[in-house]
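Reader: I would like to go through this two-chain model with a focus on how the chains meet. Could we begin once the sequence and structure are in view?

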Amino acid sequence: MLVQFERFPMFSQMGERFLDDMFGGFQTKGRNSAMVPSLDISESANELVILAELPGVAKDEVKVTLHDGVLTISGEKKQADMPEGSRRHREERASGTFSRSLELPVPVNASAVSAEMKDGILRIVVPKAEEARPREIRVN
Amino acid sequence: MRNENLIVRESSAGNGEEYQNIVAPNAGITETPEAYVVSLEMPGARKEAIALTLAKDVLTVHAGIGAHHGNGDTVLYRELRSTGYHREFSLGDGIDPNSVSAVFEEGVLTVTLLKTPESTPRTIPIN
């Protein structure tokens with residue numbers, strides 16, 4: 001799989017659902033049929049915080065990797081099971097595999113990254129490397 | 001072909017400035033033999049901030065989203081702009097208004113509306 005990324009703050013967006021939409025046009029439905037999680041990035045003195053909207057995605061279906069300063073959020077959002085004898089009237093919820101990568105703007109401490117899921121939002125906390133933190137210089 | 005019992009109203013939340021970033025959550029509607037199940041994607045909503053009301057034949061869901069970032073943090077890039085969710089559904093006949101139940105899990109609100117016994121398909125045994 002070819003994964004591209006662009007420099008921060010541009011992001012690559014790759015979802016197989018996109019291909020589904022292209023080649024299976026009749027299956028396309030809903031407003032946001034491509035599964036591309038929306039992101040926020042914020043910064044404090046000592047860390048970067050990345051938020052991703054992943055409603056309906058189970059915790060163990062998400063993978064967060066950090067390699068050479070590039071953070072990648074990927075996984076799969078499964079479509080809800082259809083009980084027997086039921087039928088779908090409307091489907092606006094996107095499903096399928098997703099991957100989004102971003103180049104972090106500062107050196108980070110890769111071994112101390114943490115991530116948690118709450119109410120459909122993935123929150124990744126990336127501590128900045130020592131050299132990227134603000135330092136107070138004593139005036140003698 | 002029977003009529004759809006659950007009609008989604010494409011209502012806006014309001015015209016005022018304060019509603020600018022209140023969005024309609026993406027929905028999925030499934031009909032089972034016994035019920036309609038409406039799933040609404042509302043990432044960032046807190047369970048205690050979700051209001052689900054049924055008045056006359058209209059089911060309304062409204063929810064606020066708390067602040068995503070800490071005070072003093074610098075937002076470098078922002079796509080999460082919604083401050084809340086709002087959507088209305090007109091219910092047709094055949095839904096028992098006293099049967100509505102809902103759960104909020106993984107940012108998805110799932111509302112189950114049971115059909116009235118009269119509109120539940122029954123198999124009649126042949127003697």
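Author: A salt bridge here is a side-chain nitrogen of Lys or Arg within 4 Å of a carboxyl oxygen of Asp or Glu. The model is a predicted one, and under that rule the side chains of Glu92(A) and Arg87(B) meet in a salt bridge, with an N to O distance of 2.8 Å.

Reader: How many salt bridges are counted between chain A and chain B?

Author: Side chains of opposite charge can pair when their charged atoms come close. The search over all chains of the whole structure gives 12 salt bridges. For chain A with chain B, the count is four.

Reader: How much area is buried between chain A and chain B?

Author: The contact involves 40 residues of chain A and 39 residues of chain B. On the side of chain A, His89(A), Arg90(A) and Arg93(A) lose the most area to chain B, together 20% of what that side buries. Carbon and sulfur atoms give 50% of the area buried between the two chains, which is about 3200 Å².

Reader: Across that interface, how many residue pairs are in polar contact, and how many residues of each class are on the side of chain A that touches chain B?

Author: The rule finds 18 residue pairs in polar contact across the interface, with both residues at pLDDT 80 or more. The strands β2 (39–43), β3 (47–53), β6 (87–91) and β9 (121–127) of chain A each supply at least two residues of the side that touches chain B. By class, that side of chain A has 16 nonpolar, nine polar and 15 charged residues.

Reader: Which residue of β3(B) is the bridge partner of Glu91(A)?

Author: Strand β6(A) pairs with strand β3 of chain B, residues 27–31, in the antiparallel sense and over four bridges. Within β3(B), the bridge partner of Glu91(A) is Gly28(B).

Reader: Are Lys77(A) and Glu41(B) buried or exposed?

Author: The side chains of these two residues, Lys77(A) and Glu41(B), meet in a salt bridge of 2.2 Å, N to O. The pair crosses between chains, from strand β5 (residues 70–77) of chain A to strand β4 (residues 35–41) of chain B. Both Lys77(A) and Glu41(B) are buried.

Reader: Why does Arg100(A) count as buried, and why does Glu79(B) count as partly exposed?

Author: The side chains of Glu79(B) and Arg100(A) meet in a salt bridge of 2.8 Å, N to O, and the pair runs from the loop between β7 (74–78) and β8 (84–91) of chain B to strand β7 (residues 96–103) of chain A. Buried means under 20% relative accessible area, with partly exposed lying between that and over 50%. Arg100(A) has a relative accessible area of 2% and is therefore buried, whereas Glu79(B) is partly exposed because its relative accessibility is 24%.

Reader: Where does Lys56(B) have its place, and is this residue buried or exposed?

Author: Phi of Lys56(B) is near 50 degrees, a positive value in a residue other than glycine. The place of Lys56(B) is in the loop between β5 (45–55) and β6 (58–65) of chain B. With a relative accessible area of 82%, Lys56(B) is exposed.

Reader: In which loop is Asp119(A) found?

Author: Asp119(A), although not a glycine, has a positive phi of about 50 degrees. Its relative accessible area of 21% makes Asp119(A) partly exposed. In chain A, Asp119(A) is found in the loop between β8 (114–118) and β9.

Definitions and conventions: Residues are numbered from 1 along each chain as its sequence is written. Chains are lettered from A and ligands numbered from 1 in the order in which they are written. This is a predicted model: local features need pLDDT of at least 70, side-chain atom pairs count only at pLDDT 80 or more; totals for chains, interfaces and linings use all residues. Side-chain values use heavy atoms; hydrogens and water are left out. Contact means heavy atoms within 4.5 Å. Buried area is the accessible area (1.4 Å probe) that two parts lose on being put together, summed over both. A polar contact is a pair of N or O atoms within 3.5 Å; within protein, one must be able to donate a hydrogen and the other to accept it, and residues adjacent in sequence count only if both atoms are side-chain atoms. Ala, Val, Leu, Ile, Met, Phe, Trp, Tyr, Cys and Pro count as nonpolar, Asp, Glu, Lys and Arg as charged, and the others, Gly among them, as polar. Two strands pair if DSSP finds at least two bridges between them. Buried means under 20% relative accessible area, exposed over 50%, partly exposed in between (1.4 Å probe, protein chains only).
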